[in-house]
Structures are given as structure tokens and as C-alpha cells.
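This briefing collects computed features of a single model for use in structural analysis.

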Amino acid sequence: MYQQMIFVNLPVNDLDASKRFFTELGYTINPQFSDENAASVVISDNIVAMLLTKPFYSTFTKKEIADATTTSEVLICLSAESREKVDELVEKAIAAGGTASGPNQDHGFMYGRAFDDLDGHTWEVMWMDPAAVQG
């Protein structure tokens, strides 16, 4: 059965630093789709973050590239299997050079935190009680 995937393309200032950051979070780089202009970060079987140097990113758009440290165009949200996994990933991101972003969200059945990566892109990490999802 076909499984739809998502490829999040993000412009980065320093490709090597960004690759180190995401591997410190526990993700892997797929060398088949990586070179001096891009790195394919495998987040899961169906989620890939494509880190693109700004000159390479600009070949895909005529629009100005936003400075994610001062503007926001997108919030990327990843699910986590538990509250502990939310904390674990965010703490890894902070230890790897990212920064905490916004207040923690704790609604009992849902818990989340967020971090900004080295280029200012905001990544939310969210856990939701499976019983709440079922209705």
C-alpha cells in the first residue's frame, strides 16, 4: 500500500553545522540524497527534512528567503510517543545548540514543547494521550 511522505525543505546557513545538529538529535543523514548543497535528514519512514544551502534553496523559488530568526512562515510539529520523549528531544536540541521556543504546553491529555534549530526554524514536539485521540 502506498504511504504518502512529507519532505520539509528548509534553507540553512551552514549545512555541516545543521547536519551535526540533527544527527545529535538522533536522526540520520541519507547520503543517497545529500551532497555539498543539501542534506536529507531522515526523521521517520515518512518524514524527511531536506536541509538546503540558501543558494541552492533559491533555485526552487523566486521569493525572498525568510530569515527564520526574525520571521515565521511555518511551525513544524512532530509527534512523540510520550511526555518523556517530548522532553528528551527538546533537551537534545538545546544541548546541540538550539534554543527553547515559547512556553511549555500542558493540557493534561496533550503535552508539548518547542525549540528553534540553528537557523531559527521552530520545531514543536507534541504528545497526545491516545485515548483523547479516539474521542
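Is K85 buried, partly exposed or exposed? K85 counts as partly exposed, because its relative accessibility is 35%; buried means under 20% relative accessible area, exposed over 50% and partly exposed in between, with a 1.4 Å probe and protein chains only. The model is predicted, and local features need pLDDT of at least 70, side-chain atom pairs count only at pLDDT 80 or more, while totals for chains, interfaces and linings use all residues. Residues are numbered from 1 along each chain as its sequence is written, and side-chain values use heavy atoms, with hydrogens and water left out.

**Overall architecture**

- The chain contains four helices and nine strands; helices (H or I, at least four residues) and strands (E, at least two) are DSSP runs numbered from the N terminus.
- Read from the N terminus, the order of elements is β-α-β-β-β-α-β-α-β-β-β-β-α.
- Along the principal axes, the C-alpha atoms fill a box of roughly 45 × 40 × 30 Å.
- Of the 135 residues in the chain, 38% are buried.
- Contacts (heavy atoms within 4.5 Å) between residues at least 6 apart in sequence join residues at least 24 apart in 51% of cases.

**Nonpolar cores**

- In soluble globular proteins, nonpolar side chains tend to be buried together.
- A nonpolar core is here a set of buried Ala, Val, Leu, Ile, Met, Phe, Trp, Tyr and Cys residues joined through side-chain atoms within 4.5 Å.
- The largest such core has 26 residues, and those with the most contacts inside it are F22, L25, Y27, L51, F115 and W123.
- At least two residues of this core come from each of β1 (6-12), α1 (15-24), β3 (38-44), β4 (47-53), β5, α3 (83-95), β8 (110-116) and β9 (122-128).
- Helix α3 gives the largest share of this core, four residues.
- Another core, of five residues, lies apart from it and includes V48, M50, L52 and Y57.
- Not counting residues up to four places away in sequence, F22 touches Y27, V41, L51, D117 and W123.

**I76 in strand β5**

- I76 is placed in strand β5 and is buried, with a relative accessible area of 8%.
- Leaving aside neighbours within four places in sequence, I76 is in contact with V8, L10, T122, W123 and E124.
- I76 and E64 are 12 residues apart along the chain, and their C-alpha atoms are separated by 20 Å.

**Salt bridges**

- Side chains of opposite charge can pair when their charged atoms come close.
- The whole structure holds five salt bridges, each a side-chain nitrogen of Lys or Arg within 4 Å of a carboxyl oxygen of Asp or Glu.
- K85 pairs with E88 in a salt bridge whose closest N and O atoms are 3.7 Å apart; both residues lie in helix α3, three residues apart, about one turn of the helix.
- E88 counts as partly exposed, at 38% relative accessibility.
- R113 forms a salt bridge with D87, with the closest N and O atoms 3.0 Å apart; this pair links distant parts of the chain, R113 in strand β8 and D87 in helix α3, 26 residues apart.
- R113 counts as buried at 12% relative accessibility, whereas D87 counts as partly exposed at 25%.
- E91 also forms a salt bridge with R113, the closest N and O atoms being 2.6 Å apart; E91 lies in helix α3 and R113 in strand β8, so this pair ties together parts 22 residues apart in sequence.
- E91 is partly exposed, with a relative accessible area of 41%.

**Surface**

- The accessible surface of the chain comes to about 8400 Å², of which 52% belongs to carbon and sulfur atoms; accessible areas come from the Shrake-Rupley method with a 1.4 Å probe, and for residues only the protein chains shown count as cover.
- V133 lies in helix α4 (residues 130-133) and counts as exposed at 57% relative accessibility.
- E73 is found in the loop between α2 (54-57) and β5 (75-79) and counts as exposed at 71% relative accessibility.
- E73 and H121 are 48 residues apart in sequence and 9.0 Å apart in space, C-alpha to C-alpha.
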